[in-house]
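Reader: I'd like to go through this chain with you and ask what lies behind the labels. Can you show it to me?

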Amino acid sequence: MSLKKIYYLLSILLMGSSLFFVSCNNSGDDDLLGDWEEGSDFNGVPRSESVGFVIGNNAYLATGVDLDKDRLKDLWYYNSEEQYWVQKADMPANAVARSAAVAFAAGGKGYVGTGIDDNGDELKDFWCYNPATDLWSKIADFPGSARYSAVGFALNDKGYVGTGYDDNGETKEFYEYDPTSDSWTEIPFGGSKR
């Protein structure tokens with residue numbers, strides 16, 4: 001495959017993933033396509049396998065892998081009201097650059113962890129971003145196996161992370177993170193590995 005074709009495919013992928021950062025307005029009509037508005041173009045390097053979280057009305061995009069296949073550990077802030085991007089503090093020097101990580105927001109802070117590094121090693125470390133100070137801090141490691149391509153979300157100011165791939169393939173266990181105690185608890189999750 002030519003380099004030009006690769007850039008074209010990555011551009012299509014980036015444009016598709018940017019739909020995550022546009023707003024939708026339900027005007028009450030029966031239009032199933034919604035009322036999409038174009039937001040500001042992303043200012044960072046093109047990437048795939050990044051993660052995002054939302055605090056208030058603003059979005060954050062972190063990590064990923066660039067066109068040269070290098071893992072990233074930068075963080076970008078999107079102001080949804082004024083529609084602009086600003087780079088924020090990179091993850092700390094002792095945090096590994098990663099892609100295929102997970103992220104969630106809870107209690108006004110963002111959390112990023114797991115993923116895969118440049119050597120192909122799965123990760124289980126986790127980091128907390130405080131937008132008030134623009135600083136990152138290390139939190140308790142994910143208690144399950146090191147993994148990538150897991151899922152993460154927040155509910156009632158607690159984070160939830162599970163599934164994904166580890167050295168043995170697909171996983172299914174799920175964990176709840178409590179920011180007030182900096183602790184993880186395994187929670188029941190039925191069904192098959194995924």
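Reader: What makes β6-β7-β8-β9 an open sheet of 4 strands?

Author: The order is β6-β7-β8-β9, with antiparallel pairing. Strands here are DSSP runs of E, at least two residues long, numbered from the N terminus (helices are runs of H or I, at least four residues). Two strands pair if DSSP finds at least two bridges between them. The edge strands, β6 (102–106) and β9 (135–139), each pair on one side only. This is a predicted model, where local features need pLDDT of at least 70 and side-chain atom pairs count only at pLDDT 80 or more, while totals for chains, interfaces and linings use all residues. Residues are numbered from 1 along each chain as its sequence is written, and side-chain values use heavy atoms, with hydrogens and water left out.

Reader: How do you know that β8 and β9 pair?

Author: β8 (residues 122–130) and β9 share 5 bridges in the antiparallel sense, and the rule asks for at least two, so they count as paired. As one example, the bridge partner of Y129 is W136 in β9.

Reader: What makes a set of residues around F53, Y60, L75, V112 and W136 a nonpolar core?

Author: A nonpolar core is a set of buried Ala, Val, Leu, Ile, Met, Phe, Trp, Tyr and Cys residues joined through side-chain atoms within 4.5 Å. Buried means under 20% relative accessible area, exposed means over 50%, and partly exposed is in between (1.4 Å probe, protein chains only). The largest such core has 15 residues, and the five you name have the most contacts inside it. Two or more residues come from each of β2 (51–55), β3 (58–66), β4 (71–79) and β8. The largest share, 3 residues, is from β2. Apart from this core lies another, of 13 residues, among them A106, Y111, Y175 and W184.

Reader: Which residues does L75 touch, leaving aside its neighbours within four places in sequence?

Author: Contact means heavy atoms within 4.5 Å. On that basis L75 is in contact with residues including F53, Y60, L61, A62, V86, Y129 and W136.

Reader: Why is the D118 and R71 pair called a salt bridge?

Author: The label needs a side-chain nitrogen of Lys or Arg within 4 Å of a carboxyl oxygen of Asp or Glu. D118 and R71 meet at 3.8 Å, N to O, so the pair qualifies. D118 lies in the loop between β7 (109–116) and β8 and R71 in strand β4, so the pair ties together parts that are 47 residues apart in sequence. By this rule the count comes to 6 salt bridges.

Reader: What about K158 and E176: how do you know that they form a salt bridge?

Author: Their closest N and O atoms are 4.0 Å apart, and the pair is counted as a salt bridge. K158 sits in β11 (residues 158–162) and E176 in β14 (residues 174–178), 18 residues apart.
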